[in-house]
Amino acid sequence: MDLFEYQGKQFFASFDIPVSKGEAVTTVEDAVAAAGRIGEYPVVIKAQVQVGGRGKAGGIKLANTAEEVREYASNILGMDIKGHTVNVVWIEVASDIAEEYYASFTLDRSAKKHLGMLSAEGGVEIEAVAEENPDAIAKIWIDPVDGLDEPTARAWVKAANLNPAAEDGAVDILLKLYRAYTEGDADLAEINPLILKPTGEVHALDAKVTLDDNAMYRHEWAEYEATQERDSREQAAHEKGLQYVGLDGSVGIIANGAGLAMSTLDVVNQAGGKPANFLDIGGGANADVMAGALEVINNDPAVKAIFINIFGGITRGEEVANGIIEALGRVTIESPIVIRLDGTNAEEGRAILAPHLSDQLQMQPTMLEAASKAVELAASR
Ligand code: GDP
Ligand code: MN
């Protein structure tokens with residue numbers, strides 16, 4: 001789950017990371033009132049959208065008076081930034097900036113460690129720094145068992161060549177950011193820019209946080225959850241507890257396991273088609289899950305054919321086959337379905353499906369053949 005900047009700042013503040021005082025509002029009148037409560041000018045008015053480069057798009061403005069707050073808030077609310085409509089603006093007391101840095105923690109899966117990145121070249125997109133001046137990013141890999149201690153953080157700050165005036169403040173924030181990232185169950189915690197003020201204080205001026213949805217049960221994330229942006233298909237899938245991502249093609253996809261679902265997207269592309277979604281039904285392909293998945297896909301008007309790609313592991317082929325047949329008895333599916341069933345007890349599963357096969361329910365022996373068939377069917381409707 002991705003947070004908006006203002007939520008990321010609330011998240012940071014709960015771990016004692018210094019952020020500017022501010023308020024999130026949805027109307028121009030509230031923006032003016034919020035600026036009044038903040039009680040000092042200038043204030044910064046910031047569009048809350050989950051996309052970078054807001055400044056360049058006109059979504060970040062410095063206001064010196066209540067009148068300017070009114071003008072900028074009315075310009076920014078409702079603005080479209082790279083396809084995202086601004087419904088919320090965050091107003092905070094403006095900071096004086098001496099220098100802008102970059103700091104983040106994320107997981108390096110292949111190293112099986114946390115990856116910390118720190119750079120004296122902040123404020124710009126880190127991808128650009130990585131491309132043009134990779135040496136300007138100081139990286140550390142942290143074993144989750146060891147964690148991050150003060151001497152390591154200090155050496156890291158030195159390696160990144162931050163201004164010595166920022167050293168203590170940066171060390172303090174990095175230790176807190178690491179705690180926020182680990183104890184807060186984030187997949188990404190990024191501050192860009194992390195600023196040094198002329199007064200010598202170090203401070204988070206922006207916040208980009210992705211929380212690990214699997215940890216939802218042990219946190220109070222209802223407020224973050226309530227503002228998630230989902231299209232209607234994603235909302236329906238979410239309510240059914242399915243791992244679904246909407247895409248814009250015409251071949252609906254159901255697979256078991258995230259890895260298989262990803263390769264299924266690739267194979268559909270390879271066969272010349274476009275996937276309508278990513279959908280992982282996970283390990284247990286029972287009738288309830290299958291019916292829910294088929295329903296979500298069936299309600300997508302762009303879907304012209306459905307490809308069910310199952311590789312039996314712990315889930316046995318006959319369970320999957322029974323699940324599909326039972327699900328088809330419950331939901332009326334408009335698009336033709338192509339099934340590829342392999343793995344544990346695949347033969348038993350195929351035997352169960354055999355008497356039900358028709359133009360509307362077809363079976364193919366391999367993933368590529370099934371994908372080609374689904375693509376062909378989608379193109380012909
Ligand atoms: P992003 O471009 O969407 O990542 O938005 P940021 O929150 O990172 O802000 C972009 C830039 O706006 C920063 O790098 C700063 O240069 C500038 N900015 C944001 N807040 C302030 C502020 O309080 N004071 C000043 N002087 N500049 C700010
Ligand atoms: Mn930023």
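**Around ligand 1, and out into the rest of the chain**

Ligand 1 is surrounded by 14 residues, and the closest of them are Lys46, Arg54, Ser95, Glu100 and Asp206. Here a residue counts as near if one of its heavy atoms lies within 4 Å of the molecule. All of this comes from a predicted model, where local features need pLDDT of at least 70 and side-chain atom pairs count only at pLDDT 80 or more, while totals for chains, interfaces and linings use all residues. As for bookkeeping, residues are numbered from 1 along each chain as its sequence is written, chains are lettered from A and ligands numbered from 1 in the order in which they are written, and side-chain values use heavy atoms, with hydrogens and water left out.

Which side chains put a polar atom next to an oxygen atom of ligand 1? Arg54 has one at 2.7 Å from a ligand oxygen, Glu100 has one at 2.8 Å, and Asp206 has one at 3.1 Å. Taken alone, ligand 1 exposes 560 Å², and the protein buries 77% of that; such areas come from the Shrake-Rupley method with a 1.4 Å probe, and for residues only the protein chains shown count as cover. Two elements give two or more residues to the shell, namely β2 (43-47) and β10 (186-196). Helices (H or I, at least four residues) and strands (E, at least two) are DSSP runs, numbered from the N terminus.

Why does the ligand lie between two domains? Domain 1 (21-93) and domain 2 (99-222) both give residues to the shell, so ligand 1 sits between them. The domain bounds come from an automatic or database domain assignment, which also gives a domain 3 (232-379). The C-alpha centres of domain 1 and domain 3 are 44 Å apart.

Ser95, one of the closest residues to the ligand, also has a partner in Ser20: their side chains are joined by a polar contact of 3.5 Å. A polar contact is a pair of N or O atoms within 3.5 Å; within protein, one must be able to donate a hydrogen and the other to accept it, and residues adjacent in sequence count only if both atoms are side-chain atoms. Ser20 is in the loop between α1 (5-13) and β1 (22-25). Ser20 counts as buried because its relative accessibility is 6%, where buried means under 20% relative accessible area, exposed over 50%, and partly exposed in between (1.4 Å probe, protein chains only). Residues up to four places away in sequence aside, Ser20 touches Trp90, Glu92, Val93, Ser95, His203, Ala204 and Leu205; contact means heavy atoms within 4.5 Å. That α1–β1 loop also holds Asp16, which is exposed at 52% relative accessible area. Asp16 has a positive phi, near 70 degrees, although it is not a glycine.

His114 belongs to strand β8 (residues 113-119) and is buried, with a relative accessible area of 12%. The side chain of His114 makes a polar contact of 2.9 Å with that of Tyr181. Other residues in contact with His114 include Thr106, Leu107, Ile140 and Trp141. Asp187 is 73 residues away from His114 in sequence, yet their C-alpha atoms are 9.6 Å apart.

Tyr41 and Pro42 are joined by a cis peptide bond, with omega about 0 degrees, and Pro42 lies in the loop between α2 (28-38) and β2. The bond from Asn192 to Pro193 is cis too, with omega near 10 degrees, and Pro193 is in strand β10.

Zooming out, the chain has 13 helices and 18 strands, and its C-alpha atoms fill a box of roughly 80 × 50 × 40 Å along the principal axes. Of its 381 residues, 49% are buried. Among contacts with a separation of 6 or more, 69% are between residues 24 or more positions apart.
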